[in-house]
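Me: Please take a close look at one part of this model and tell me what touches what there. Then go on to the positions that the database record marks.

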Amino acid sequence: MNTASSNTSAAHAPSTSEPAWYEQGLPHIWLPYSQMKTASPPLPCVATQGSRITLADGRVLVDGVAAWWTACHGYNHPHIHASAADQLARMPHVMFGGMVHEPALHLASRLCALLPGDLERVFFTDSGSVAVEVAMKMAIQYRLNRGEHTRTKMLAFQGGYHGDTLATMAICDPEEGMHHLYGSALAQHVIAPLPVDEASTARFYSLLEQHAHELAAIIVEPLVQGAGGMLFHPAHVLQTLRAAADRYDVLLILDEIFTGFGRTGSLFACQQAGIVPDIITLSKALTGGTMALAATVARRHVFEAFLSDNPEHALMHGPTFMANPLACACANASLDLFECEPRLEQVAAINTILTEELEACRHLPGVHDVRTLGAIGVVELERIANPDSLRQTFIAHGAWVRPFRNIVYLTPAFTISEDELRHLTRTIRAVLAG
């Protein structure tokens with residue numbers, strides 16, 4: 001971890017006027033996950049560097065969530081910038097239909113070398129949700145190409161989140177998730193409890209026995225269910241899922257969009273369980289938070305089911321910007337940094353500080369649980385009455401911390417300085433203590 005000194009008191013009172021671009025454009029923007037009639041106005045950002053975000057009025061916030069879990073190397077890393085500038089000058093984009101290019105092929109071969117087992121075929125997309133949709137299509141068509149026309153459903157898990165598109169909403173938690181309003185419009189899949197103990201394992205196997213004849217795949221977020229509330233489960237759960245998938249001849253999809261690239265302490269979460277999924281999805285930190293890019297990677301036997309003289313057996317999917325050369329160049333630069341800079345050691349150091357600092361929250365009023373894993377720190381509350389108001393309080397302390405559901409959490413850049421990280425943890429403690 002970078003332990004350089006930092007001035008974490010840089011946040012100051014906002015100016016009384018906003019920039020012209022903000023005032024002109026805000027009335028035309030629809031913001032994500034926001035009730036725009038009542039929510040606080042969004043912050044006008046003008047620059048980023050390392051783990052800091054500069055606002056238009058001069059305030060500086062320490063970013064505790066790494067741009068929605070993407071900026072693992074911090075903002076504006078010079079190696080990624082140089083790679084992007086070089087690729088931008090040569091070829092920012094070319095279609096991937098009938099053409100290929102060096103950044104994509106180099107990236108695909110590097111990803112396959114890093115992933116366990118025979119995960120060896122990469123399909124590039126430009127968002128995590130689409131990567132999961134492609135995984136679902138692969139699993140379903142894998143069955144269809146083999147003449148198994150009834151096996152088109154997924155088995156997903158309570159507490160799970162896999163994206164906001166119509167297909168991925170259908171495999172998120174139907175009760176506790178943010179998509180319950182769409183229930184009547186979504187495809188129906190099988191939602192099971194995670195097999196974490198004897199009772200939930202029995203229930204999981206009962207559902208699997210009942211529905212195996214119609215299942216194409218099991219899909220899970222390994223070790224951490226992120227947007228479902230940063231819910232942790234032990235590695236043996238993944239071993240149970242792998243064994244169950246093999247027993248019932250069901251594909252296993254691991255959604256590592258959040259957990260991939262070091263966030264849980266290993267390069268990929270599945271490595272902690274010693275298993276190989278049939279399909280894995282990656283995004284978020286893939287480019288170090290610089291460009292939109294995602295990947296769905298399949299094992300050899302999955303890919304081979306699509307090889308045929310029948311053109312209908314091909315995977316009919318092709319995002320316009322898939323394998324964007326500029327994004328692939330950023331991803332290759334990000335992988336360079338994992339090779340030459342001590343990212344996993346930094347994650348371990350972050351975990352030590354998160355565990356030490358957040359544990360003091362355990363006995364605060366309203367705190368239900370405190371947990372950490374890798375570069376993830378979570379304070380779970382009994383409830384958060386007004387997440388927006390709580391977020392504004394963190395901003396006033398110079399911290400960009402974004403509570404949701406009933407949790408306050410940190411997922412910082414792996415390069416965050418010790419001073420910056422302790423500023424975040426101590427701010428959380430002070431704010432929650434009232």
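**Phe261 and its surroundings**

Reply: Phe261 is in contact with Leu111, Leu267, Phe268, Leu282, Ser283, Ala285, Leu286, Leu335, Phe338 and Phe414, leaving aside its neighbours within four places in sequence. Contact here means heavy atoms within 4.5 Å. The model is predicted, so local features need pLDDT of at least 70 and side-chain atom pairs count only at pLDDT 80 or more, while totals for chains, interfaces and linings use all residues. Residues are numbered from 1 along each chain as its sequence is written, and side-chain values use heavy atoms, with hydrogens and water left out.

Phe261 and Phe124 have the most contacts inside the largest nonpolar core, which has 122 residues. A nonpolar core is a set of buried Ala, Val, Leu, Ile, Met, Phe, Trp, Tyr and Cys residues joined through side-chain atoms within 4.5 Å. Buried means under 20% relative accessible area, exposed over 50%, and partly exposed in between, with a 1.4 Å probe and protein chains only. Helix H5 (residues 128-145) gives this core its largest share, seven residues; helices (H or I, at least four residues) and strands (E, at least two) are DSSP runs, numbered from the N terminus. At least three residues of the core come from each of domain 1 (29-76 + 342-433) and domain 2 (78-340), with bounds from an automatic or database domain assignment. A second, separate core has six residues, among them Ile80, Leu326, Cys330 and Ala333. In soluble globular proteins, nonpolar side chains tend to be buried together.

Not counting residues up to four places away in sequence, Gly128 touches Ile257, Ser283 and Ala294. Asn145 also lies in H5 and is buried, with a relative accessible area of 15%. A polar atom of the Asn145 side chain lies 3.1 Å from the backbone oxygen of Ala305. Beyond residues up to four places away in sequence, Asn145 touches Ala305, Phe306, Glu312 and His313.

Now the record. An unreviewed UniProt entry places the feature "binding site" at Gly128, Ser129, Asp255, Pro319 and Thr320. UniProt positions are given in the numbering used here, feature names are shortened, and annotations may be inferred rather than shown by experiment. These five spread over 193 residues of sequence and up to 22.7 Å between C-alpha atoms. Thr320 sits in the loop between H9 and H10 and counts as exposed at 60% relative accessibility.

From the unreviewed entry, UniProt also lists Trp68, Tyr161, Lys284, Gly318 and Arg402 for "binding site". Their farthest two C-alpha atoms are 33.8 Å apart and they span 335 residues in sequence, so they do not all gather at one spot. Trp68, in helix H2 (residues 66-69), is partly exposed at 36% relative accessible area. Leaving aside neighbours within four places in sequence, Trp68 is in contact with Pro32, Tyr33, Lys284 and Arg402. Gly318 is in the loop between helix H9 (300-304) and helix H10 (325-340), where Gly318 is exposed, with a relative accessible area of 55%.

Definitions and conventions: A polar contact is a pair of N or O atoms within 3.5 Å; within protein, one must be able to donate a hydrogen and the other to accept it, and residues adjacent in sequence count only if both atoms are side-chain atoms.
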